[in-house]
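Please work through each task before reading its solution.

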Amino acid sequence: MSGKIFHFLIISSTILIFLFLGGAFLSGYINPNHFGWIPFLGLVIIPLLIINFLLIIYWAWVKSKWIFLPIIALILNTGFIISVFNISFDKRPDNNSLKILTYNVNNFQLHGIGNTLSKIETFVNRENPDIICFQEYKEGYQFTNDSIKKIFSHYPYCATYFTSGNNAYASGIAIFSKDSIIGSSLIKFEHETNNSAMWVDILINSDTFRVINVHLQTTSVSQNQAQIHLFKNLGYSAGEKKALFNLAEQMNRNFKIRAEQAIEVHNTIDSTHIPVILCGDFNDTPASYTYHCIKKGLKDGFQEAGNGYTYTYRYFRKLLRIDYILFSPYFKGIEYTSPSLEWSDHNPVISIIERNQ
């Protein structure tokens, strides 16, 4: 390859990556219902940033003015970078701190492992949080309401909401608390969906807080992955292409649905006049409109007290942080962890927070 061709290719790559990262930055602020393709850039922002960093090194090495484009792209996406990679200093929780756990438990089942309820019970007992938010929380013939309440008997207060199921099986969301739940409500989503959100008001000593648990519209990746792999293994390229196209269309629809759900959750936060703790599975990254819409006016537990790189979805090359604990400025973050556990397709998220003095 001649020097001129290489120079042309590296400049073209620099411009292309700059445009892609500019789009990824805008994906956090533009509703997908207006520009449906932009959210896809947010999903691949980490590999785009890695390429961008290599371009910075190259242009610095050759001392070229073209370095300004990857530097601008890096600056634009600083907010995303600190939402997945953070350094914080150790803080000591006081006696009034709260330990919050959120976990998409995949209906207490995982392929290759089977029933995970006892494993999750052991984990919860070891962590001993004050408040638990579960998504894909299952009750049915195998996990009855009474048996689950017995397992989590040290959480005398519980509120649940189920969006799918029958008499033998029900899946939804749940909030368990050591302190009194004095009110609760479903957050109604406009679109018919198996996903949901709810809130409870919890009385702790003389203070009342609102805890919101959300499980937003699925990505549809897991549901379509098996079909794509089947066509690929059969060598049926036309079927594989059609399955990939259907997946892209479905993901595009779900980006738009999540954006609408995020607006409804944000409206609930906006109309709440007591401190808020929000937990859940957004099915969207910190680069997304969904995250930025819900987070507005709240703190992110990872940005407050996390350390190093974090992800919460165990597949997709461990590139996705889609589970969150957010809270009002009334609180400050003390600790944040997201241990990698094999009992779900998601990692749990744990935050210790306390009231600002």
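**Exercise 1.** Determine which residues form one aromatic cluster, and describe the pair of tyrosine 137 and phenylalanine 176.

Solution. Step 1: the cluster consists of Phe108, Phe134, Tyr137, Phe152, Phe162 and Phe176. The model is predicted; local features need pLDDT of at least 70, side-chain atom pairs count only at pLDDT 80 or more, and totals for chains, interfaces and linings use all residues. Residues are numbered from 1 along each chain as its sequence is written, and side-chain values use heavy atoms, with hydrogens and water left out.

Step 1: apply the ring criterion. Rings of Phe, Tyr and Trp (its six-membered ring) pair if their centres lie within 6.5 Å; planes under 30 degrees apart are stacked, over 60 edge-to-face, and the rest tilted. The structure holds 25 such aromatic pairs.

Step 2: classify two further rings in strand β2 and helix α6. Tyrosine 103 and phenylalanine 123 are edge-to-face, at 6.2 Å centre to centre with 75 degrees between the planes. This pair links distant parts of the chain, with tyrosine 103 in strand β2 (residues 98–104) and phenylalanine 123 in helix α6 (residues 117–127), 20 residues apart. Helices (H or I, at least four residues) and strands (E, at least two) are DSSP runs, numbered from the N terminus. Phenylalanine 123 is buried at 1% relative accessible area, where buried means under 20%, exposed over 50% and partly exposed in between (1.4 Å probe, protein chains only).

Step 3: Tyrosine 137 belongs to strand β5 (residues 131–140) and phenylalanine 176 to strand β7 (residues 169–177), 39 residues apart. Both tyrosine 137 and phenylalanine 176 are buried.

**Exercise 2.** Is glutamate 136 buried or exposed, and what is its phi?

Solution. Step 1: glutamate 136 lies in strand β5 and is buried, with a relative accessible area of 18%. Step 2: its phi is near 50 degrees, a positive value in a residue other than glycine. Most residues other than glycine have a negative phi.

**Exercise 3.** Locate asparagine 205 and state whether asparagine 205 is buried or exposed.

Solution. Step 1: asparagine 205 occupies the loop between β9 (196–204) and β10 (207–215). Step 2: with a relative accessible area of 64%, asparagine 205 is exposed. Step 3: the phi of asparagine 205 is near 55 degrees, a positive value in a residue other than glycine.
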